[in-house]
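Colleague: I'm new to this one. Can you walk me through a few spots?

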Amino acid sequence: MTEAPRPPIDPYPLSPYVAWAGNRNKEPILAALKTLLPEKGDVLELATGAGLHINYFAPHFPNLTFQPSDYDTDVFASIKAKRAQAGNANVLDPIRIDLTDPETFPDPAEKRYDAIFVINIFQVAPVAINDGIAHLGSKVLKDGGLIAIYGPFKRDGAYTTESNAAFDKEILAAKVPEWGLKDIRDLEKAAAPHGVKLANILDLPANNFVLVFKKA
């Protein structure tokens, strides 16, 4: 089947570009999560957006409960609509989490999570967001829990492929502060003060990675 042409880059969660990218990468991410997630437990997605990924993954993990979340409450209706369409009883109502504001983090006294995952935010978000992700993880992850971060990244200050260099050039051309591919080592440094360490790097198709962080 011929792949649909890529729409113009637009990070808004309900944009045609985000839908295109989500459909393109959902299978490789699912394969990675099958190697990372436990058989039973609770999983939190950050920056859920329109809800495409979480509702695609949920049927493959019937003994896991998935908690969607986002900063933008305008996307909650889309998450719920996709949940209803898929009939996913193991996807909860979305909650609001602002990764720059710990006051919005879930209360670990009420629930702790086996895993957290986040997909494709760092090309349009500052490295400092990983400080928030690690801070959140240090509070709400169970012992041995993990954080899986998917996306394209630089590695040790260099692009891993020419296509990623071209993609970054296209993002940077928008001249939006903090847009652009981030370096894995910078994310690692942002997480370290919270006792969260990079444990593994998985290579995925289309020159993307899953960065696996764990509580030290």
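Colleague: Where does L37 sit?
Modeller: This is a predicted model, to be clear. L37 is in the loop between α1 (16-36) and β1 (41-46).

Colleague: Buried or exposed, that L37?
Modeller: Buried. L37 has a relative accessible area of 11%, and the cut-off for buried is under 20%.

Colleague: What is L37 in contact with, leaving aside its neighbours within four places in sequence?
Modeller: V43, F61, L64, F66 and A115.

Colleague: And how far is L37 from D114?
Modeller: In space, 7.9 Å, C-alpha to C-alpha. In sequence, L37 and D114 are 77 residues apart.

Colleague: I saw two Phe residues in that contact list, F61 and F66. What kind of aromatic pair do they form?
Modeller: A search of the whole structure finds four aromatic pairs. F61 and F66 form a tilted one, with 6.1 Å centre to centre and 55° between the planes.

Colleague: Are F61 and F66 buried or exposed?
Modeller: Both are buried. So F61 and F66 are buried contacts of L37, which is itself buried at 11%.

Colleague: What about F122 and F153?
Modeller: They form an aromatic pair too, also tilted. The centres are 6.4 Å apart, with 50° between the planes.

Colleague: Which parts does that pair tie together?
Modeller: Two loops. F122 lies in the one between β5 (113-119) and α4 (128-140). F153 lies in the one between β6 (141-151) and α5 (162-172). So the pair ties together parts that are 31 residues apart in sequence.

Colleague: What are the relative accessible areas there?
Modeller: F122 has 2%, so it counts as buried. F153 has 1%, so F153 is buried as well.

Colleague: Which residues do ring pairs link into a cluster?
Modeller: Y56, F57 and F117.

Colleague: What sits over the ring of Y56?
Modeller: The charged end of K26, 4.5 Å from the ring centre.

Colleague: New topic, strands. In which sense do β7 and β8 pair, parallel or antiparallel?
Modeller: Antiparallel, over eight bridges. Strand β7 covers residues 196-204 and strand β8 covers residues 208-215.

Colleague: What does L204 stand opposite?
Modeller: N208 in β8.

Colleague: How many residues are between the strands in that hairpin?
Modeller: Three. In this hairpin of β7 and β8, A206 takes a positive phi near 60°.

Methods. Residues numbered from 1 in each chain as written. Predicted model: local features only at pLDDT ≥ 70, side-chain atom pairs only at ≥ 80, totals over all residues. Heavy atoms only, no water. Helix = DSSP H or I, 4+ residues; strand = E, 2+ residues; numbered from the N terminus. Buried < 20%, exposed > 50% of the residue type's maximum accessible area, 1.4 Å probe, protein only. Contact = heavy atoms within 4.5 Å. Phe/Tyr/Trp six-rings, centres within 6.5 Å; stacked < 30°, edge-to-face > 60°. Lys NZ or Arg CZ within 6 Å of the ring centre and 35° of its normal. Pairing = 2+ DSSP bridges.
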